[in-house]
Amino acid sequence: METLKRTKIKALLSEKPGIEVLAKGWVRTKRGNKQVKFIALNDGSTIANIQIVANAELFDEELFKKITTGASLAVRGKLVESMGSGQAVEIQATDIQVLGECDPMRFPLQKKDTTLEYLRSVAHMRLRTNTFGAVLRIRNQMAFAIHSFFNQKGFVYLHTPLITESDAEGAGDMFQVTTLDLKNIPLDKKGNVDFSKDFFGKKTSLTVSGQLEGELGATAVGEIYTFGPTFRAENSNTPRHLAEFWMIEPEMAFYDINDNMELAEEFVKFLVQWALDHCMEDLQFLNDKYDNGLIERMRSVLGIAFQRVTYTEAVEILEKAVSDGVKFEYPVHWGTDFQSEHERYLVEKHFCKPVILIDFPKDIKAFYMKQNEDGRTVRGMDVLFPKIGEIIGGSEREASLEKLEARIDELGMSRKNLEWYIDTRRYGSVPHSGFGLGFERLLLFVTGMANIRDVIPFPRTPKNAEF
Ligand code: 4AD
Ligand code: MG
């Protein structure tokens, strides 16, 4: 069998009949009668299975007993035109080898219609399902598209650290990194934890964002992007929050907020278009199975300009909605941070297209955002998408040393840990901007999955770090 080279099923399905082939994969289903068995084999290269036709005369009865859902096989045979509907070719098997048996009584995916919730409890096996095969292939395509986009534009891929001393977003929801013995914590004279004894000699955490280091890169080589994991210890059990998620953070010297908005819009449109161009089979499957508005919704964001609106205008729209009888769970007035229900109202009910919100109250945004002349707003921007809400957060950065220092002091932040960052404003400061795209939020949009736990292979959420 091994003298023949294995061909992946994706390639086999577009081969011409008549050739001798070797396929390897996992059994999805087996059916048939005494004379002939039909085995659907999948190897993950495509959502489609290849049908194996096995004439019972040629094989041992014992062999067929081992061919159960989930078992792995190597199948040699002739690629022939398929009589059945649904596929152009199938394999007329001459040799079948069971590589790994799969106990049908214990295999976690034996049930026919397994809910997404159940599948999360067997996340180590759920990757074998059609749904997660599709999600993983789309996720892979999107990662490649991200690198392609920035590579074409001459951005430098910058690797920023995961272990950090600074809390970039100022939210304080960080996972501490320590090698101190938790049963015997060293204390200083005042009774506080003595971090000088810790691995790094200081208190460190997992990063919430690569932005601050990204700014160092942008103010050196002009345009950079990061693409890596980020960690937030916020106790948000929502369908849109993970404790460990991936973020793409471009940072550009000499960009103002308008350049920033333009890039963000071009970027997400490029990614959605890429998914439509490269993932149609998987999209069609997800569209049919989970969300029959998926493909249409993806197309709907492409041909139009995103709506740009200030936070203040958006508050007026939302207040008017409330006075017209729209019910929100959370109150909304100038100064509040929007909840996803407010964001979705703006996108899905009011403007009926993606929205870029700008000019937020400074008190609800991070210290680094450029302060507007009015003294009360900052030049932040959030891109809001249908069904998701916020998909991108970013801003023009405060380039003035004096204003940045004043804001850090005003917020009572420690300047000590930030001197290196402030140096960007001391030595050749330039106007610059950037944003962060939540990779899994993007994936929610391009897979139609409703829960963020279903677009990352091994989700990390409060009380859940299994697998
Ligand atoms: O709006 P955020 O907090 O912005 C930043 O971190 C900036 N440093 C980005 C920048 O300007 N370079 O996060 C950016 C995006 C959000 O819009 C959202 O898509 C995603 O990251 N995000 C999350 N995704 C999943 N789970 C979470 N807990 C997330 N928190 C933020
Ligand atoms: Mg944000």
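## Ligand 1 and its contacts

A backbone N or O atom of glycine 393 sits 3.3 Å from an oxygen atom of ligand 1. A polar contact here is a pair of N or O atoms within 3.5 Å; within protein, one must be able to donate a hydrogen and the other to accept it, and residues adjacent in sequence count only if both atoms are side-chain atoms. Glutamate 390 places a polar side-chain atom 2.6 Å from an oxygen atom of ligand 1. In glutamate 249, a side-chain N or O atom is 2.7 Å from a nitrogen atom of the ligand. On its own, ligand 1 has 630 Å² of accessible area, and the protein covers 93% of that. Accessible areas come from the Shrake-Rupley method with a 1.4 Å probe; for residues, only the protein chains shown count as cover.

This is a predicted model: local features need pLDDT of at least 70, side-chain atom pairs count only at pLDDT 80 or more, and totals for chains, interfaces and linings use all residues. Residues are numbered from 1 along each chain as its sequence is written, chains are lettered from A and ligands numbered from 1 in the order in which they are written, and side-chain values use heavy atoms, with hydrogens and water left out.

## The shell around the ligand

There are 24 residues around ligand 1, where near means having a heavy atom within 4 Å. Glu169, Gln211, Arg232, Glu249 and Glu390 come nearest. The shell divides into eight nonpolar, eight polar and eight charged residues. Nonpolar covers Ala, Val, Leu, Ile, Met, Phe, Trp, Tyr, Cys and Pro; charged covers Asp, Glu, Lys and Arg; the others, Gly among them, are polar.

Strand 11 (244–253), strand 15 (389–396) and strand 16 (432–438) each supply at least two shell residues. Strand 15 gives the most, with five. Helices (H or I, at least four residues) and strands (E, at least two) are DSSP runs, numbered from the N terminus.

## Helix 14 and the chain around it

Helix 14 (residues 439–447) is largely enclosed by the rest of the structure, because nine of its nine residues are buried. Buried means under 20% relative accessible area, exposed over 50%, and partly exposed in between (1.4 Å probe, protein chains only). Among the buried residues are Phe439, Arg441 and Thr447. Glycine 448 follows helix 14, with a positive phi near 75°.

Proline 431 lies in the loop between helix 13 (419–426) and strand 16. Proline 431 is partly exposed, at 45%. Its C-alpha atom is 28 Å from that of arginine 441, ten residues apart along the chain. Lysine 463 is in the segment after helix 14. Its phi is positive, near 65°, in a residue other than glycine. Lysine 463 is exposed, with a relative accessible area of 90%.

## Salt bridges

The structure holds 29 salt bridges, each a side-chain nitrogen of Lys or Arg within 4 Å of a carboxyl oxygen of Asp or Glu. Glutamate 62 and lysine 65 form one (3.1 Å, N to O). They are three residues apart in helix 2 (residues 61–66), so about one helical turn separates them. Glutamate 62 is partly exposed at 43%, and lysine 65 is exposed at 53%.

Aspartate 194 and lysine 197 also meet in a salt bridge (3.0 Å, N to O). Aspartate 194 is buried at 13%, whereas lysine 197 is exposed at 55%.
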